[in-house]
Amino acid sequence: MDDDRPQNDSAPEDELALEAEAVSVIHRAHTSHVASARRYATGLADEASFLSEEGPRETEAEAGDEDGEAAVEAATARAASARALLAWKRVRELEAGGSALAFGRLTSAEGRDYIGRMSVIDGDNVYLIDWRARAAEPFYRATPLEPLGVSHRRHLHFSDGELTNYSDEIFDASVIGEQRHLRGEAALLATLAERTDGRMQSVVATIQAEQDAVIRASAKGPLLVQGGPGTGKTVVALHRAAYLLYADRAALAETGVLIVGPSTEFLTYISDVLPSLGESGVVSVTADRLYPGVLLDPDASAAVAELKGSDAMVKLLAAAVSERQRTPVVPLTAWYGSRRIVVAVDELQQFMAMAGRQVTHNSGAGVLRRLVLERLFKEVHEPSFGGRDDILDSLEESTDVSWFFERHWPVLTPEQALNDLFGSPALLASACRAAGLDDDQGVLLRRERTKEGELWRRRWYRSDVPLLDELLHVL
């Protein structure tokens with residue numbers, strides 16, 4: 001591309017200095033962008049603060065008009081605050097790039113392009129291309145057998161933000177004679193030879209073609225990356241998260257990206273990678289923190305944890321929930337004042353069958369509740385009188401009706417369902433049989449009792465968290 005960066009046609013001893021100057025030009029342009037973004041964000045913040053403090057202005061309008069004007073002014077202040085927050089978020093994203101923004105250079109028939117952690121563009125002058133952009137794909141995909149129009153690829157090596165070296169790859173043999181400033185070892189070998197400080201480093205400059213294909217794969221459906229130890233699975237996953245946030249930013253702006261790691265130590269280890277790739281809006285969490293509001297006890301024994309993590313638990317939990325849907329065998333008798341209402345067994349079973357067509361347990365409970373209450377309501381409602389809601393509330397709160405729902409199809413939370421399962425030997429034994437577990441395994445799952453004989457309630461082991469999550473899905 002045509003720009004004001006130095007051209008690499010000097011003597012070999014000056015080549016590194018020329019690359020350093022090119023990197024410096026990119027850095028100065030980026031610094032200017034950061035300063036402009038900061039001034040813009042500060043202006044928006046001042047505007048939002050002014051609108052918030054100004055409050056409704058006094059007018060001679062009617063009270064209703066004053067209320068309407070106040071609502072408009074409040075909405076304007078909220079919109080200004082939202083714009084200011086977005087602007088400051090952009091400032092943080094720009095500042096996260098650091099000083100070593102560029103890490104590579106491509107040479108093709110169209111010219112030379114620098115590749116880096118984020119785009120740096122000023123009008124028609126493209127200083128730096130974001131590594132996630134489509135134009136940067138040849139930097140990772142080009143090979144001698146398939147150069148993708150690339151004749152020369154250069155990797156820039158930094159130490160503490162300073163350019164210290166570079167390494168080259170040539171894909172077009174006809175230009176080797178023209179390249180008088182080539183330097184040795186491949187970038188990947190140089191990266192592997194570098195000492196580490198116990199923290200994961202971004203390797204965005206040395207991603208290989210196979211890894212890049214995974215990183216830029218379609219976002220439709222799940223993507224499973226497999227490999228042995230040290231093959232780069234975590235690196236690829238993190239770079240894919242950064243790529244998706246770039247390529248699908250509109251879709252992910254509200255939902256974001258969640259990274260789940262096995263331990264806090266692991267998350268600390270990878271914590272700097274995504275910000276160095278130009279993304280800071282990612283939430284990371286360990287698996288045992290995925291379920292909200294759970295007080296975690298120390299880990300259970302290895303045998304219990306292994307059993308709770310087995311496939312059989314899916315069947316066991318499904319069976320335990322199904323056990324709470326008990327087909328009525330006697331009529332429902334309810335009272336509304338002095339009126340006695342009886343719903344026959346065959347009607348109740350028909351209602352149960354209709355509720356059973358729902359996908360989840362609690363949605364089925366809602367259907368059953370509505371059908372039964374409507375049936376009772378028809379018996380006592382007088383068309384000449386109103387009070388539908390009062391009648392339904394009175395019926396639902398009656399002891400006979402509430403006991404019927406609790407007995408045959410209760411509304412459950414995951415915590416209630418798991419506590420009832422582990423605390424009831426009969427329910428646990430029945431669910432274990434349905435899941436193909438033996439009595440000894442059922443004993444392992446049974447919740448211990450306190451000295452007073454009361455069940456532990458709402459206290460969970462870390463191994464219970466995936467069970468609660470599965471119950472949330474089922475219920």
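Two residues are in contact when heavy atoms lie within 4.5 Å. Among contacts in the protein chain between residues at least 6 apart in sequence, 65% join residues at least 24 apart. The structure is a predicted model, in which local features need pLDDT of at least 70 and side-chain atom pairs count only at pLDDT 80 or more, while totals for chains, interfaces and linings use all residues. Residues are numbered from 1 along each chain as its sequence is written, and side-chain values use heavy atoms, with hydrogens and water left out.

**Overall composition**

- The protein chain contains 19 helices and 10 strands; these are DSSP runs numbered from the N terminus, with helices being H or I of at least four residues and strands E of at least two.
- Of the 475 residues in the protein chain, 39% are buried, where buried means under 20% relative accessible area, exposed over 50% and partly exposed in between (1.4 Å probe, protein chains only).

- The expected span of a helix is 1.5 Å times one less than its number of residues.
- The buried residues of α6 are Val235, Val236, Leu238, His239, Arg240, Ala241, Ala242, Tyr243, Leu244 and Leu245.
- Helix α11 (residues 312–323) has 12 residues that should span 16 Å, in agreement with end C-alpha atoms 16 Å apart.
- In α11, the buried residues are Ala312, Met313, Leu316, Leu317, Ala319, Ala320 and Val321.
- Those buried residues of α11 pack against α10 (302–308), α13 (361–380), α16 (414–423), α17 (425–435), α18 (439–445) and α19 (465–474).

- Axes are lines fitted to C-alpha atoms, for helices over the stretch in contact, and angles run from 0 to 180 degrees between N-to-C directions.
- Helix α12 (residues 345–355) packs with α13 at an angle of about 145°, their axes being 8 Å apart.
- This contact involves Glu347, Leu348, Phe351, Met352, Met354 and Ala355 of α12, together with Gly364, Val367, Leu368, Leu371, Val372 and Arg375 of α13.
- By class, the contact of α12 with α13 has nine nonpolar, one polar and two charged residues; Ala, Val, Leu, Ile, Met, Phe, Trp, Tyr, Cys and Pro count as nonpolar, Asp, Glu, Lys and Arg as charged, and the others, Gly among them, as polar.
- Between α13 and helix α15 (residues 399–408), the packing angle is about 155° and the axes are 11 Å apart.
- The helices α13 and α15 are therefore roughly antiparallel to each other (angles under 35 degrees count as roughly parallel, over 145 as roughly antiparallel, 65 to 115 as roughly perpendicular and the rest as oblique).
- Leu368, Arg369, Val372, Leu373 and Leu376 of α13 make the contact with Val401, Phe404 and Phe405 of α15.
- The contact of α13 with α15 comprises seven nonpolar, no polar and one charged residue.

**Packing of α14 with α15**

- The axes of helix α14 (residues 388–397) and α15 come within 5 Å and cross at roughly 65°.
- That angle makes α14 roughly perpendicular to α15.
- Leu395, Glu396 and Glu397 in α14 meet Thr399, Val401 and Ser402 in α15.

**Individual residues**

- Lys89, found in helix α2 (residues 63–95), is partly exposed, with a relative accessible area of 34%.
- Leu148 lies in the loop between α3 (137–141) and β5 (150–159) and has a positive phi of about 60° although it is not a glycine.
- The relative accessible area of Leu148 is 40%, so Leu148 is partly exposed.
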